[in-house]
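Please read the following note alongside the sequence and the model.

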Protein chains: 2
Amino acid sequence: MILQIDNVEVAEQGLLSLQVAEGRIIAMGANLLCPPQAERWDGEGMLLVPGLVNGHTHAAMTLFRGFGDDMPLMEWLQTRIWPAEARLSEEDVYWGTRLACLEMVRSGTLCFTDMYWHFPGVARAVEASGLRALLGAVMIDVAGEDQARACQRMAENFLEQSRDFSERVQFTLTPHAIYTVSRNSLAWVRDFAERHGLRVQIHLSETQQEVQQSLQQHGLRPALYLDQLGLLHERIILAHGVHLDDEELDRIALRGATLVTNPVSNMKLAVGGTFPYRRAASRGIAMALGTDGAASNNSLDLFQEMKVMALLQKHAEQDPTVLPAEEAWAIASGARAAVLGQSGRVAVGEAADFLLLRQDMAETTPRHHPISNLVYAATGHCVDSAVVAGKVVMKHRKVADEEEILQQVRSRAQQICHESTTP
Amino acid sequence: MILQIDNVEVAEQGLLSLQVAEGRIIAMGANLLCPPQAERWDGEGMLLVPGLVNGHTHAAMTLFRGFGDDMPLMEWLQTRIWPAEARLSEEDVYWGTRLACLEMVRSGTLCFTDMYWHFPGVARAVEASGLRALLGAVMIDVAGEDQARACQRMAENFLEQSRDFSERVQFTLTPHAIYTVSRNSLAWVRDFAERHGLRVQIHLSETQQEVQQSLQQHGLRPALYLDQLGLLHERIILAHGVHLDDEELDRIALRGATLVTNPVSNMKLAVGGTFPYRRAASRGIAMALGTDGAASNNSLDLFQEMKVMALLQKHAEQDPTVLPAEEAWAIASGARAAVLGQSGRVAVGEAADFLLLRQDMAETTPRHHPISNLVYAATGHCVDSAVVAGKVVMKHRKVADEEEILQQVRSRAQQICHESTTP
């Protein structure tokens, strides 16, 4: 099956036609002949751009959107989030993830890196949504060796199960953080990931407290501790990375690890620092942008997130030229983080993961600078249609199962959160 | 003509009906009988909230959206904005303001405080859009006394003309800033405003440079200098207010002046400080939220702006409890700034200026906390319909003249900006 889109503007390439087959872009040009059996689509008035990539989220936490804001971090976790999470079933996680995928596709995100419990539920939701994701087996062993072993068995088990899913579901290991996973378990993660060629996600240096604890317990700052364990490499994705000194950044650059910044979550939870964009960029460190979960953001819209990312860096550096629109767009589309597997380019041979954006909206008129409009003026609502691996996942803002997803989440969220706050 | 809206949820008041006549809400209740001649509207599934109030903008600068971002402030002004502004006709300003009004109504702003040239063009655009605005006569006299006198004549002239417009157009004086308006002209503003009961808008303490210059030239920090001139009073609206010390805040509180914070613009232009929300709030200072012009934001969506306002304060104070959602909402709806004339309340007797919001959107599901959803998760795209002074200005996202406005701005913006950069 061939899909041909005509008369579409491709960012920086002008007006052309584009053909898609077997999940890839097979041709682009001004005068493409349309094969008779092709599905044909008039893209007039639309701007075609690569899909955005959410480098760090906890998708199913849409269930907890607005369930406790403006609270101190530990009080929020202890009185709201953890009791509610303890009640989640795999089916709850499935529907929470469906909602996240719905929100993401509606705001232009076609690939995401997720860290959450109940891998099979998350993976089924990703399959059903048509998106791509890096998912994983969460590991936390604060309760001791039994918990560690259980997490290891779970990871082995999920890796097996992951083979039943399409290539859009990519299995990773997701140890939670260096302060919730023991040295032994992190060594197990390193070896297991090495053996199976898996990518690894971990929260790193989100708070100053984590840095202090690492110095006390390991005599090393977090990134150097990871390096000592052999976990700082090209397959690791480090989420947050707020409190990193120059030595850590040098090491991250040397090892080819990837940093994912989450500016809205960092500001909302007031983690007491700013992602060191300029120092990281000057070292050529791979970077991506994440929303974190909807409980601490509370949106999954990367259009808004990339604006805040750019604003926060200009503010922190007291320099309006830092992180210009083109760079914000490149980071948000995955072009600066090869580990996520999305090139952020629209070209023949690339995966057919792209968006058609409306250009007739008040907020993006006039068009002095299309990329500036996308970064500083648009929201995810400019996305008209989306294609992942050559399949249309949203057409003219219609997404499959939308009504059912909203209904399921409304009733499940109310039940879970009501029960978890009822003594 | 009576408008009755049934089955609508009013924030914190539950499901009810609401009647509007002669620009005001005349009845609210569970079982309102609908008069036979009334226009009836089913609000099922909608949330009714007060319209938002943009406390500081330069509406017509939508023409320059994206025309120079990520640049140092003075280079941006000197090479882009000023040359382009010099070419603007009243008709250009009319259409630029129409676009701003279109963007504002589509994102829930029904009243705005504007500072720009060509008052008659701005006022006509406000009339045509159906919105409310505080408009004015800009005053800058850096060129000397002739310019000062010309600005004074213009203000007198515009005050006369303003009587031809409806009560939705409120005339104000808008001296640009203390560094662009002489002491004599500010005294003239004080007297003229006093004589005619006019409100006054001015930029204040946006940059540290302004503070230093004020100290050098007047021996006083900016707010104290304004007070010395007799311009710090209940009818003055101070835009930005980033660099204010405690003595200035005490004086602002004492005099009952109003501060308007513009967080996105401040971050984007990297003005080197953060609006002192906590210190201002603790003194009970009146406050509003503004977007600044679209050239330095580049959006006029107050939903996004209030999120950034709350995030920036939490970040600056390293405290997630600062500026909670309810307070952000109150500030954005004008409830904390009486001078703007909008109560931010939905009640019998109040002006019928309100929004109907969709509640079936992915990004605001589930509904643990409706106000949190509006502040942290929604964008202006949740606005379905809008009523100003009892008249429907947007119904199901349809606004009058939309196509023509976009077309006019596209061609005018290209012409102006092209000419201004052509040697």
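1. Across the interface of chain B and chain A, the rule finds two salt bridges, a salt bridge being a side-chain nitrogen of Lys or Arg within 4 Å of a carboxyl oxygen of Asp or Glu. In one salt bridge, the side chains of Asp70(A) and Lys314(B) meet at 2.6 Å, N to O.

2. The model is predicted: local features need pLDDT of at least 70, side-chain atom pairs count only at pLDDT 80 or more, and totals for chains, interfaces and linings use all residues. Residues are numbered from 1 along each chain as its sequence is written, chains are lettered from A and ligands numbered from 1 in the order in which they are written, and side-chain values use heavy atoms, with hydrogens and water left out.

3. Between chain B and chain A, 26 residue pairs are in polar contact, both residues being at pLDDT 80 or more. A polar contact is a pair of N or O atoms within 3.5 Å; within protein, one must be able to donate a hydrogen and the other to accept it, and residues adjacent in sequence count only if both atoms are side-chain atoms. On the side of chain B that touches chain A, the largest share, seven residues, comes from H11(B); helices (H or I, at least four residues) and strands (E, at least two) are DSSP runs, numbered from the N terminus.

4. The contact (heavy atoms within 4.5 Å) takes 63 residues from chain B and 63 residues from chain A. Together the two chains bury about 4900 Å², 62% of it on carbon and sulfur atoms; buried area is the accessible area (1.4 Å probe) that two parts lose on being put together, summed over both. In chain B, Asp70(B), His315(B) and His368(B) lose the most area to chain A, together 14% of what that side buries.

5. Thr62(B) lies in the loop between strand S6 (52-57) and helix H1 (73-85) of chain B. Why does Thr62(B) count as buried? Thr62(B) does so because its relative accessibility is 0%, and buried means under 20% relative accessible area, exposed over 50%, partly exposed in between (1.4 Å probe, protein chains only). The side chain of Thr62(B) reaches the backbone oxygen of Gly96(B) at 2.8 Å. Leaving aside residues up to four places away in sequence, Thr62(B) touches residues including Thr365(A), Pro366(A) and Leu99(B).

6. In chain A, six of the six residues of strand S10 (residues 199-204) are buried. Arg199(A), Gln201(A) and His203(A) point one way from S10(A), while Val200(A), Ile202(A) and Leu204(A) point the other way.
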